[in-house]
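Please read it beside the model.

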Amino acid sequence: MKPTPLLVSFLLTTILLFLFPTITISLSPSLPPTPSPSSSPSPSSSSQSPSSATLDPKQIKALQSLHIPTSKDPCSQPSLHNATLCDSSKPFRHLISLRLSNCSNYLSLSFTALKSLSTLHTLQLINCPITLAHFPPQLTASLHSFTCINTLHKISAVFLSHLTNLTDLTVSNVQLKASAPYVILSHMTKLKTLTISRANLTGYLPRHIHSNLTYIDFSNNKLKGTIPPSITMLDSLEILNLSSNGLKGDIPSSIGDLISLKNISLAFNSFSGSVPDSISAIPGLAHLDLSSNQLNGSIPKFISEMKNLKYLNLANNNLRGVVPFNSSFIKRLEVLKVSGNSNLCYNHSVLSSKLKLEIAPCDKFGMPVSPPPSKRSSSADDSSDSDYNGSDDYDDGSSHKKEHHHGPNKVVLGVAIALSSIVFLIVFLILCSKCCR
């Protein structure tokens with residue numbers, strides 16, 4: 001009997017199904033084990049000749065005092081949590097970058113160790129509850145970048161103000177002893193990125209600030225007052241985060257002068273007045289967060305013309321009127337939040353309730369439609385929804401609901417039929433008795 005093609009195909013498939021697990025298992029042991037970073041020597045350390053330059057012995061002692069392994073050259077074999085970067089000078093190399101993270105509670109960064117590390121350009125202290133001595137003048141002059149995150153119990157503004165050559169400063173989740181930001185920034189003429197957040201910083205925003213800044217983050221502090229002109233004159237500023245403070249007053253119209261701005265957050269303050277029209281003059285703005293303030297007036301129509309906008313949060317204000325956005329603009333956004341504005345509503349003929357904006361639809365006067373006081377029947381709910389929703393799919397669903405609730409009840413129908421039968425029987429008996437006479 002000659003096998004058919006269908007039978008041959010079935011047999012081949014069966015054989016492959018049997019062989020596939022076997023092939024997988026047989027290949028697995030042949031794969032070489034993945035070496036761990038701590039156990040495998042790096043190519044640079046294995047190929048390093050004895051005559052190549054090594055780290056300065058004084059800096060090796062400084063690293064040892066910080067419990068950083070130095071059995072291998074720290075310039076070519078940094079540890080997992082503590083990263084080092086060196087220059088290429090001879091006869092000895094020198095550290096230019098050091099990151100200490102997740103340190104022991106008993107670690108101390110002494111003045112002697114800091115003096116040996118005076119060649120550093122970058123120093124990062126992350127999750128290190130250490131005691132920090134005063135910086136020697138050489139290190140103060142050498143540092144270009146200083147990061148202090150969840151490190152130290154307290155840090156003073158005077159200490160930071162001495163780091164006059166910094167281009168990058170980050171202080172976060174640290175108790176900062178300062179009466180105002182100006183005490184820190186007054187002599188930092190080279191600063192480009194500035195973060196002082198969750199630091200209990202008080203006072204007012206500085207009236208004078210140097211124009212090199214591209215990044216400002218003063219979030220989660222206790223700053224008060226208004227936004228000064230010094231902030232809105234920063235032509236190169238790309239990120240401005242003043243959220244979660246005690247700032248108040250109008251958002252200045254000069255905010256539109258920040259032509260390089262890409263991200264602005266003024267959330268969780270006490271700003272009042274309207275959203276300034278000048279924001280439309282910022283061509284590259286992608287993130288706008290004005291939530292949780294006391295802003296009033298209507299939402300400006302110009303916002304829908306901002307081509308690069310992806311994140312828009314206007315929630316929890318006193319905004320009123322009709323949302324001036326169409327569905328194509330909303331779909332272009334990644335995030336849109338307008339809830340928490342009790343006098344704000346959307347045009348049901350333009351926007352569908354399926355967008356879930358968490359605000360009411362508008363009536364014919366452009367005012368929010370109040371929700372029904374109680375849901376006595378689903379038919380009442382359906383009628384209120386269909387008045388302010390242009391979705392055909394939703395109307396079809398509501399019509400089915402109406403038909404279901406307005407139809408005759410089965411129990412009532414049964415009782416009516418029974419009573420009719422009894423009445424008919426009585427009439428029939430009466431007629432029969434008359435006929436018999």
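1. Buried means under 20% relative accessible area, exposed over 50%, and partly exposed in between (1.4 Å probe, protein chains only). Cysteine 148 is at 0% relative accessibility, so this residue counts as buried.

2. On provenance: this is a predicted model, where local features need pLDDT of at least 70, side-chain atom pairs count only at pLDDT 80 or more, and totals for chains, interfaces and linings use all residues. Residues are numbered from 1 along each chain as its sequence is written, and side-chain values use heavy atoms, without hydrogens and water.

3. How many disulfides are there, taking a pair of cysteine sulfur atoms within 2.5 Å as the rule? The count is 1. Cysteine 345 and cysteine 362 form a disulfide, with sulfur atoms 2.0 Å apart. Cysteine 345 lies in strand β25 (residues 343–346) and cysteine 362 in the loop between β26 (360–361) and α10 (378–387), so the pair ties together parts 17 residues apart in sequence. Helices (H or I, at least four residues) and strands (E, at least two) are DSSP runs, numbered from the N terminus.

4. The torsion about the S-S bond of cysteine 345 and cysteine 362 is about 100 degrees, so the disulfide is right-handed. Cysteine 345 is buried, at 0% relative accessible area. Cysteine 362 is buried too, at 6%.

5. Cysteine 148 is in no disulfide. The nearest cysteine sulfur belongs to cysteine 128, 9.1 Å away.

6. The largest cavity is lined by Leu185, Met188, Leu191, Ile209, His210 and Leu213. A cavity here is a set of points on a 1 Å grid over the protein atoms alone where a 1.4 Å probe fits but cannot get out; lining residues have an atom within 4 Å of a point.

Key
1 Å grid on protein atoms, 1.4 Å probe; cavity = no way out; pocket = protein on both sides within 12 Å on 5 of 7 lines; lining within 4 Å. Disulfide = S-S within 2.5 Å.
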